[in-house]
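Take a walk through this fold with the sequence open beside you. We will go helix by helix and then look at the charged pairs.

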Amino acid sequence: MIGYRVKSLREEMKMSISELSAKSGVAKSYISSLERNLQKNPTILVLEKIAKILCIKVDALLNEQADKGMDEEWIEILQDVVRSGISKEEMREFIEERNKLLV
């Protein structure tokens, strides 16, 4: 089940296994075996690394319903932000500057 979720989310982001591996630091072979359900017991550390790149919480990999609370459009926007290479710090700065203008 976890492997199916990883593959599905990775494909939604139009990301290859190689890309996910490079960004997460998890070996391609491990991700491949996870997606094919050959590896059924990944560590929390591995799940955290993969979840971070897929812009979801670890819970969403463990429980298909865990990520249903966020609007699909927001998920897509956040995935675009991650793919574009914008760092968390840059995003926070943008939000802070925007909030200053609104005050």
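Which helix is included in what covers the buried residues of H6? The cover includes helix H7, residues 88–102. Keep in mind that this is a predicted model.

Start with H6 itself. Helix H6 spans residues 72–84. H6 has 13 residues and reaches 18 Å from its first C-alpha to its last, close to the 18 Å expected at 1.5 Å a residue. Its buried residues are Ile75, Gln79 and Val81. Seen down the axis of H6, these buried residues fall within an arc of 155 degrees, so they line one face of the helix. On the other side of H6, Glu73 and Glu76 are exposed. After the helix comes Gly85, with a positive phi near 95 degrees.

Gln79 sits in helix H6. Its relative accessibility is 5%, so Gln79 counts as buried, the cut-off being under 20%. What does Gln79 contact, leaving aside its neighbours within four places in sequence? The partners are Met13, Leu54 and Cys55.

Now turn to H4, residues 44–53. Here Val46, Leu47, Ile50, Ala51 and Ile53 are buried. They cover an arc of only 160 degrees around the axis, which puts them on the same side of H4. What do the buried residues of H4 pack against? They pack against H1, H2, H3, H5 and H6.

In soluble globular proteins, nonpolar side chains tend to be buried together. In this model the largest nonpolar core has 19 residues. Those with the most contacts inside it are Ile2, Val6, Leu20, Ile50, Leu54, Ile56 and Leu61. Helices H1 (2–12), H3 (28–35), H4 (44–53) and H5 (58–62) each supply at least two residues of this core. H4 gives the largest share, five residues. Val6 shows how the parts meet. Leaving aside its neighbours within four places in sequence, Val6 is in contact with Leu20, Leu34, Glu35, Ile50, Leu54 and Leu61.

Next come the loops. Most residues other than glycine have a negative phi, and most peptide bonds are trans. Lys14 is found in the loop between H1 and helix H2 (17–24). Is Lys14 buried or exposed? Lys14 is exposed, with a relative accessible area of 73%. Cys55 is another case, with a positive phi of about 60 degrees although Cys55 is not a glycine. At 27% relative accessibility, Cys55 counts as partly exposed.

Finish with charge. Side chains of opposite charge can pair when their charged atoms come close. How many salt bridges does the count come to? The count is three.

One of them joins Glu35 and Arg10, at 2.6 Å from N to O. This pair links distant parts of the chain: Glu35 is in helix H3 and Arg10 in helix H1, 25 residues apart. Glu35 is buried, with a relative accessible area of 10%. Arg10 is buried too, with a relative accessible area of 7%. Leaving aside its neighbours within four places in sequence, Arg10 is in contact with Met15, Ser16, Ile17, Leu20, Glu35 and Leu54.

Another bridge pairs Arg83 with Asp80, at 2.4 Å from N to O. Both residues lie in helix H6, three residues apart, about one turn of the helix. Arg83 is partly exposed, with a relative accessible area of 35%. Asp80, at 38% relative accessibility, also counts as partly exposed.

The remaining bridge is between Lys100 and Glu97, their closest N and O atoms being 3.4 Å apart. Lys100 and Glu97 are three residues apart in helix H7, so about one helical turn separates them. Lys100 counts as exposed at 56% relative accessibility, whereas Glu97 is partly exposed, with a relative accessible area of 46%.

Technical notes. Residues are numbered from 1 along each chain as its sequence is written. This is a predicted model: local features need pLDDT of at least 70, side-chain atom pairs count only at pLDDT 80 or more; totals for chains, interfaces and linings use all residues. Side-chain values use heavy atoms; hydrogens and water are left out. A nonpolar core is a set of buried Ala, Val, Leu, Ile, Met, Phe, Trp, Tyr and Cys residues joined through side-chain atoms within 4.5 Å. Buried means under 20% relative accessible area, exposed over 50%, partly exposed in between (1.4 Å probe, protein chains only). Helices (H or I, at least four residues) and strands (E, at least two) are DSSP runs, numbered from the N terminus. Contact means heavy atoms within 4.5 Å. The expected span of a helix is 1.5 Å times one less than its number of residues. The arc is that of the directions from the helix axis to the C-beta atoms. A salt bridge is a side-chain nitrogen of Lys or Arg within 4 Å of a carboxyl oxygen of Asp or Glu.
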